[in-house]
Amino acid sequence: RLTVLRMIAQGLILHGMLEQEAIEKALDLLELVGLGSSAANRFPNEFSGGQRHRIGIASALALNPPLLVASDPVPALDVSVQSQVLALLDDLKKKFGLTMLFVTHDLRVAAQVCDSILVMQKGRVVEYGRTKEVFDSPKHSYTQQLLNAIPGRGFPLWGDN
């Protein structure tokens, strides 16, 4: 029922920001996530899945959180759109100095965006470390099983993490 602009501005207004300031910030956020002001007066159902993810990211950033929780943010997207959304999250993380808790079942995705990885089995932490270290030398048998199950495991999966 709300346009994208109103959706993003609504949280700001509820937290005490003047409506005009909230609208200006929402427009800035739409630019920041690569949608631009042309998206402002459209409704969420008019966007693709990747664009909706960008709208969600803009909404999440509206209140300047110190921590961004991204829970399985890309599994329903095709690979090229996944890559774009992951690159956007990485750029925003660097630009704003955000701490991001990235929850995923896909270790290939985690390898692309995470500085450190925590592996859980049945609700218990079984391994934690820098991404490259965990991928290169997994200590726990469960982590080893997960890594061995990745298709195309022989290829490098991370950048400079």
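What follows is a short exchange about a predicted model of one protein chain.

Visitor: What is the order of elements in the protein chain, from the N terminus on?
Guide: The elements run α-α-α-β-α-β-α-β-β-α-α. That order holds seven helices and four strands. The C-alpha atoms fill a box of roughly 55 × 30 × 30 Å along the principal axes.

Visitor: How many of the residues are buried, as a percentage?
Guide: Of the 161 residues in the protein chain, 38% are buried. The word applies under 20% relative accessible area.

Visitor: What share of the contacts in the protein chain joins residues at least 24 apart?
Guide: The share is 50%, taken among contacts between residues at least 6 apart in sequence.

Visitor: Why is Cys114 called buried?
Guide: Its relative accessibility is 10%. The limit for buried is under 20%. Cys114 therefore counts as buried. Cys114 sits in the loop between α5 and β3. Its C-alpha atom is 19 Å from that of Ala60, which is 54 residues away along the chain.

Visitor: Why is Arg6 called partly exposed?
Guide: Arg6 has 35% relative accessibility. Buried needs under 20%, and exposed needs over 50%. The value falls in between, so Arg6 is partly exposed.

Visitor: Where does Arg6 lie, and which residues does Arg6 touch?
Guide: Arg6 belongs to helix α1, residues 4-14. Leaving out residues up to four places away in sequence, Arg6 touches Glu19 and Ile23. Ala22 is 16 residues from Arg6 in sequence, and their C-alpha atoms are 9.0 Å apart.

Visitor: Leu63 next. What makes Leu63 partly exposed?
Guide: Its relative accessibility is 45%. Leu63 is in the loop between α3 and β1.

Visitor: Why is Asn64 called exposed?
Guide: Asn64 has 55% relative accessibility. Exposed means over 50%, so Asn64 counts as exposed. Asn64 is found in the loop between α3 (49-61) and β1 (67-71).

Visitor: What makes the phi of Asn64 worth a remark?
Guide: Phi is positive at Asn64, about 55 degrees, although the residue is not a glycine. Most residues other than glycine have a negative phi.

Visitor: What is the phi of Lys122?
Guide: Lys122 also has a positive phi of about 55 degrees, and is not a glycine. Lys122 lies in the loop between β3 and β4 (124-130).

Visitor: Is Lys122 buried or exposed, and why?
Guide: At 82% relative accessibility, Lys122 passes the mark of over 50% and so counts as exposed.

Visitor: Why is Met120 called partly exposed?
Guide: Met120 has 45% relative accessibility. That lies between the 20% and 50% limits, so Met120 is partly exposed. Met120 is in strand β3. Beyond its neighbours within four places in sequence, Met120 contacts Val125, Val126 and Tyr142. Leu98 is 22 residues from Met120 in sequence and 23 Å away, C-alpha to C-alpha.

Visitor: What lines the largest pocket?
Guide: There are 22 lining residues. Phe102, Val103, Thr104, Ile117 and Leu118 lie nearest the centre. The elements β2 (99-103), α5 (107-113), β3 (116-121) and α7 (141-148) each supply at least two residues of the lining. The pocket volume is about 700 Å³.

Visitor: How do the residues of that lining divide?
Guide: The lining has 16 nonpolar, four polar and two charged residues.

Visitor: How do you know that Arg42 lies over the face of Phe47?
Guide: The distance from Arg42 to the ring centre is 4.1 Å. The limit is within 6 Å, and within 35 degrees of the ring normal. Arg42 is placed over the face of Phe47.

Visitor: How many aromatic pairs are there?
Guide: The count is zero. A pair would need ring centres within 6.5 Å.

Key
Residues numbered from 1 in each chain as written. Predicted model: local features only at pLDDT ≥ 70, side-chain atom pairs only at ≥ 80, totals over all residues. Heavy atoms only, no water. 1 Å grid on protein atoms, 1.4 Å probe; cavity = no way out; pocket = protein on both sides within 12 Å on 5 of 7 lines; lining within 4 Å. Points joined across faces, edges and corners; volume = space filled by probe spheres on them. Nonpolar A, V, L, I, M, F, W, Y, C, P; charged D, E, K, R; others polar. Phe/Tyr/Trp six-rings, centres within 6.5 Å; stacked < 30°, edge-to-face > 60°. Buried < 20%, exposed > 50% of the residue type's maximum accessible area, 1.4 Å probe, protein only. Contact = heavy atoms within 4.5 Å.
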